[in-house]
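Visitor: I have the sequence and the coordinates on screen. Please take me through some local features, with the cut-offs behind each term.

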Amino acid sequence: MISDVYFPRVNGVSTSIQTFGRELVAEGHRVSLITPSYGARSLDPQDPFEIIRIPSRYLPFDPEDRIMRWGLLRDYRQRLRAQRFDLVHIHTPFVAHYAGLALARWLSVPVVESYHTFFEQYLDKYIPLIPGAWLRYAARRFSAAQCNDVDALAVPSRVMLDVLTRYGIQRPAEVVPTGIDLNKFSRGDGERFRQRWGIDRERPLLVHVGRLAFEKNCDFLLRMLVRVKAEVPDVLLVIAGDGPALKRLQRLTRRLGLRRQVLFTGYLARDGSLEDCYSAGKAFVFSSLTETQGLVLLESMALGTPVVAIAEMGTREVLRDGEGCLIAQHDEDHFARQCLRLLREPELRAQLAARARAYARGWSAPVLATHMLDFYAGTLLRAEAARRPPLSVPGPGPSASESTTSASIPPSASRARSRAQLDAYPGAGLGDALNPSHASETILDPLDPDSEPNRSLT
């Protein structure tokens, strides 16, 4: 895998990479990740896969992120060449995208990409001097071009796949959401969180977890909270996260007279602190309109904290009204009324909490990692088919140009194959792709595409 972001940078992409990486290793595969170094902060989590940190530069307009130093990636050529990677998986569209393409060419392996971020609804929040319509058009063209660079796309939700289809992507694409670690998100201590932050155990508490970015629509939650406060004066909204919109949200909090009703905690570690935060809330509130999936919703429900959210984009596919959540309209009054129901009706809250846990079990990380393996297998099958020589079609009638065809495997057929069938498939390298004894591998990095070895999938 290759990505422009990973922990300690906290966001959904980092979580997705970590979740899939751990599950693939648990299935017996080898995984390597190339990602930027964050300097002294780059203390890697206890992940069971290899992490290659590339020296990076600061981005002056985005202090949270780093940009990998492209030239230094070449220092890893021999190390990467010595490993027999089967696949390159790109996770972000910046340096990692072009580095991943170069690496795949150099190794002569297929390359896939996950489309994590809805850039059409993103750029105008950070580049204010250019008309939004221009930026959205540029984002559509940019996304379509990058998607058509790779052999296949993994998309976290059907609605995002529909958007990309309208952009004009022509590569095979499948919906492969990220799952959650149900062992990790099965218990939290809400009382411990309240004690740590000095919150009275009886105080009505709403919780929001996520990166505080302009496109996340967090200011909506603050304006909504004014309406909740009018009915429940001692309500408290805990906002766990950080990001470029933090200062604006803090100013809005003061302007709305909510200093005593909002607590900004910053990012919370996934060492129990985050789980405790989820568990402390009477409800988890979420108002983003641009999510490609929305993992925090599933994390909250897995811990038994009901959700109030607007069902837009990927959130619409994650949530089912009444199955651990209450769907709210994009209207501050309606959203506030849904929150008040959970604050005032303990029986409803208990009912939704039980349903939330049951619903979240359907999104387990091992199940969805199997979907990713099937997606990889389909990509390898198509690549192997494309390498075969043309098949001669006997019989009179067709012209010379019509008498040969290239073997191909429709995406639907490749998805239908079971893992057992794929392991038994006679194509070179495909058994390795899903056979733990030969540990398939995913990695990232640009090598020198001019020194391309003649290498098969094996």
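**Rings, backbone, surface and charges**

Visitor: What is the relative accessible area of Phe 94?

Guide: Phe 94 counts as partly exposed, a class between buried (under 20% relative accessible area) and exposed (over 50%), with a 1.4 Å probe and protein chains only. This is a predicted model: local features need pLDDT of at least 70, side-chain atom pairs count only at pLDDT 80 or more, and totals for chains, interfaces and linings use all residues. Numbering starts from 1 along each chain as its sequence is written, and side-chain values use heavy atoms, without hydrogens and water. For Phe 94 the relative accessible area is 46%.

Visitor: How are the rings of Phe 94 and Phe 119 arranged?

Guide: The whole structure holds 13 aromatic pairs, counted for rings of Phe, Tyr and Trp (its six-membered ring) with centres within 6.5 Å; planes under 30 degrees apart are stacked, over 60 edge-to-face, and the rest tilted. In this pair the centres are 6.0 Å apart and the planes stand at 90 degrees, so the arrangement is edge-to-face.

Visitor: How many residues apart are Phe 94 and Phe 119?

Guide: Elements here are DSSP runs numbered from the N terminus: helices are H or I with at least four residues, strands E with at least two. Phe 94 lies in the loop between β5 (87–90) and α3 (95–107), and Phe 119 in the loop between β6 (111–114) and α4 (132–147). The pair links distant parts of the chain, with a separation of 25 residues.

Visitor: Is Phe 119 buried or exposed?

Guide: The relative accessibility of Phe 119 is 10%. That value is under the 20% limit, so Phe 119 counts as buried.

Visitor: Which residues form one aromatic cluster with Phe 94?

Guide: Phe 119 belongs to this cluster along with Phe 94.

Visitor: Where is the cis peptide bond, and what is its omega?

Guide: Most peptide bonds are trans. The cis bond joins Phe 7 and Pro 8, and Pro 8 is in the segment before α1 (12–26). Its omega is about 20 degrees.

Visitor: What is the phi of Met 313?

Guide: Most residues other than glycine have a negative phi. Met 313, in the loop between β13 (307–310) and α11 (314–318), is buried at 9% relative accessibility. Met 313 is not a glycine, yet its phi is positive, at about 50 degrees.

Visitor: What accessible area do Ile 127, Leu 129, Ile 130 and Trp 134 have together?

Guide: These residues form a nonpolar surface patch; patch members have over 30% relative accessible area and no salt bridge, with nonpolar side chains (Val, Leu, Ile, Met, Phe, Trp, Tyr) joined within 5 Å and like charges within 9 Å. One of them, Ile 130, is partly exposed at 36% and lies in the loop between β6 and α4. By the Shrake-Rupley method with a 1.4 Å probe, where only the protein chains shown count as cover for residues, the accessible area together is about 480 Å².

Visitor: Which residues form the positive surface patch?

Guide: Lys and Arg count as positive and Asp and Glu as negative, while His and the chain ends are not counted; the charge is placed at NZ of Lys, CZ of Arg, CG of Asp or CD of Glu. One member, Arg 254, is in helix α8 (residues 246–255) and is partly exposed at 44%. The patch consists of Arg 254, Lys 247, Arg 251, Arg 255 and Arg 259.

Visitor: How far apart are the closest N and O atoms of Asp 276 and Arg 192?

Guide: A salt bridge needs a side-chain nitrogen of Lys or Arg within 4 Å of a carboxyl oxygen of Asp or Glu, and the whole structure has 19. Asp 276 is buried at 5%, whereas Arg 192 is partly exposed at 46%. In their salt bridge the closest N and O atoms are separated by 2.6 Å.

Visitor: What N to O distance does the salt bridge of Glu 332 and Arg 227 have?

Guide: Glu 332 is buried at 17% relative accessibility, and Arg 227 is partly exposed at 33%. Between the side chains of Glu 332 and Arg 227, the N to O distance is 3.1 Å.
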